[in-house]
Amino acid sequence: MADWNLLVEGRSPRKYQAGQMVYLQGTHPGCFYYLISGSVRSFISSSAGEERVLAVHRAGDLMGEASFFDGCPRVTSAMALEECSILTINQAQLDAAFQHHPELALPMLQYLARTVRMLSNHVGAASLPAQQRVARWLLGQPVGKDGVLKATHEGIGQAVGLSRVSVSRALGELAALGLVELGYRSVIILDRAQLEVLTFDA
């Protein structure tokens with residue numbers, strides 16, 4: 001994994017408070033962001049005012065890089081979930097980083113490819129049954145060292161475009177199949193291989 005801290009050399013990150021917007025959907029992407037500490041919610045807003053969460057970024061993530069590289073208006077917004085330390089990176093700063101650390105170029109392309117794939121998966125998942133949507137989302141989330149994935153049924157619903165009731169039903173079905181174990185605001189994946197098979201069967 002690339003050491004994105006190389007992007008920080010000689011620069012000071014900006015502090016964001018919980019609830020503060022980092023960037024807005026539809027705005028010009030003159031930069032992208034490196035999340036040094038904290039967590040940030042990335043989401044899409046519809047014309048009806050509804051929101052769909054695409055990802056929760058953690059320390060070490062890049063944000064807003066897809067729009068930055070293609071130069072088109074941002075397709076998502078991002079909001080700090082807690083106090084965050086974030087570094088803004090524009091084209092000149094990125095060029096300088098690549099000049100001093102050319103080893104960052106390939107990991108940057110790989111990271112961008114993963115972001116594009118994630119966005120494509122979100123679009124493709126819209127037509128899937130609830131169980132498959134939830135399974136795909138679970139497989140794409142980071143887990144703690146104890147193997148626990150912290151999530152609420154409401155949060156999962158926002159991410160995959162389902163009601164809380166539908167998410168609860170889907171998780172119950174996955175638990176009955178022995179694929180996951182449910183806890184308070186948490187999920188443990190017991191059989192990742194079979195969960196992946198379930199998503200492919202979709």
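These entries record what I looked up in the structure.

**Entry 1. Basis**

I worked from a predicted model, in which local features need pLDDT of at least 70 and side-chain atom pairs count only at pLDDT 80 or more, while totals for chains, interfaces and linings use all residues. Residues are numbered from 1 along each chain as its sequence is written, and side-chain values use heavy atoms, with hydrogens and water left out.

**Entry 2. The whole chain**

I found seven helices and 11 strands in the chain. Helices (H or I, at least four residues) and strands (E, at least two) are DSSP runs, numbered from the N terminus. The radius of gyration is 18 Å, close to the 17 Å that the globule rule gives for 202 residues, so the chain is as compact as a globular protein of that length. That radius is taken over C-alpha atoms, and the rule is 2.2 Å times the number of residues to the power 0.38.

Along the principal axes, the C-alpha atoms fill a box of roughly 55 × 35 × 30 Å. I noted that buried residues make up 41% of the 202; buried means under 20% relative accessible area, exposed over 50%, and partly exposed in between (1.4 Å probe, protein chains only). Of the contacts (heavy atoms within 4.5 Å) with a separation of 6 or more, 69% join residues 24 or more positions apart.

**Entry 3. The second largest pocket**

I then turned to the second largest pocket, which has a volume of about 520 Å³. On a 1 Å grid over the protein atoms alone, a pocket is an open set of points where a 1.4 Å probe fits, with protein on both sides within 12 Å along at least five of seven lines; lining residues have an atom within 4 Å of a point. Grid points are joined across faces, edges and corners, and the volume is the space filled by probe spheres set on the points.

The lining comprises 23 residues, and V56, R58, W137, K150 and A151 lie nearest the centre. Strand 5 gives the most to this lining, with five residues. Strand 4 (39-45), strand 5 (51-58), strand 9 (148-150) and helix 5 (153-160) each supply at least two. By class, I recorded 12 nonpolar, six polar and five charged residues. Ala, Val, Leu, Ile, Met, Phe, Trp, Tyr, Cys and Pro count as nonpolar, Asp, Glu, Lys and Arg as charged, and the others, Gly among them, as polar.

Helix 4 (residues 130-139) is mostly covered, with eight of its 10 residues buried. W137 is one of these buried residues, and W137 is also among those nearest the centre of the second largest pocket.

In helix 1 (residues 65-70) I looked up F68, which is buried at a relative accessible area of 8%. F68 and C31 are 37 residues apart in sequence, yet 5.9 Å apart C-alpha to C-alpha. Beyond four places in sequence, F68 contacts P29, G30, C31, F32, I89, N90, Q91 and L94.

G26 lies in the loop between strand 2 (21-23) and strand 3 (31-37) and is exposed, with a relative accessible area of 51%. Leaving aside neighbours within four places, G26 contacts P73 and R74.

L182, in strand 10, is partly exposed at 37% relative accessibility. L182 touches L171, G172, A175 and V187, not counting residues up to four places away.

R185 sits in the loop between strand 10 (180-183) and strand 11 (186-189). Phi of R185 is near 55°, a positive value in a residue other than glycine. Most residues other than glycine have a negative phi.
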